[in-house]
Amino acid sequence: FADEEPRVSATIDAAYKYHFDRGKAAGASQKWHDAVQEYQKASDLKSTTESANALKQAHAEFLSSTNRGAADAALQQSAAFEQDKHYIEAYEVLANLPEAQRALVKDQMQALEPNYVKSGTSR
């Protein structure tokens, strides 16, 4: 009824603006999960290029931050194994990551390779 009743249109516009602005604020605070949710709500209310682009960007940032967090956690776990001289476990923690996350830890994996091979052959 938005086309027929200006009050409905005004309500939809106000709700869209509210959720879009909340998405912007969440993105500025690097709260990407919240930003994705708010942009999705805005897009559900009113499909615009602006909301579609913002949702796409927030989703990409959310995925990137999630991958970085998982890679950092794996690096910490790997470092603990490496400190205890468990090189096979240290390497495999990193090798078992999904491809996008493994790309973030490739340098550490390359540094572990000589000890990984040496430990593997000695077992």
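Buried residues, those under 20% relative accessible area with a 1.4 Å probe and protein chains only, make up 27% of the 123 residues in the chain. The structure is a predicted model, in which local features need pLDDT of at least 70, side-chain atom pairs count only at pLDDT 80 or more, and totals for chains, interfaces and linings use all residues. Residues are numbered from 1 along each chain as its sequence is written, and side-chain values use heavy atoms, with hydrogens and water left out.

The chain holds six helices and zero strands, where helices are DSSP runs of H or I with at least four residues, strands are E runs of at least two, and numbering starts from the N terminus. Along its principal axes, the C-alpha trace spans about 80 × 20 × 15 Å.

Turning to one pair of helices, α3 (residues 49-83) and α4 (residues 87-95) pack at an angle of about 170 degrees, and their axes lie 7 Å apart. These axes are lines fitted to C-alpha atoms over the stretch in contact, with angles from 0 to 180 degrees between N-to-C directions. Helix α3 is therefore roughly antiparallel to α4, a label for angles over 145 degrees. On the α3 side, the contact (heavy atoms within 4.5 Å) is made by A74, L75, Q77, S78, F81 and E82; Y87, E89, A90, V93 and L94 contribute from α4.

E38 sits in helix α2 (residues 32-45) and counts as buried because its relative accessibility is 7%. Leaving aside residues up to four places away in sequence, E38 touches H19, R22 and G23.

How values were computed. Angles under 35 degrees count as roughly parallel, over 145 as roughly antiparallel, 65 to 115 as roughly perpendicular and the rest as oblique. Buried means under 20% relative accessible area, exposed over 50%, partly exposed in between (1.4 Å probe, protein chains only).
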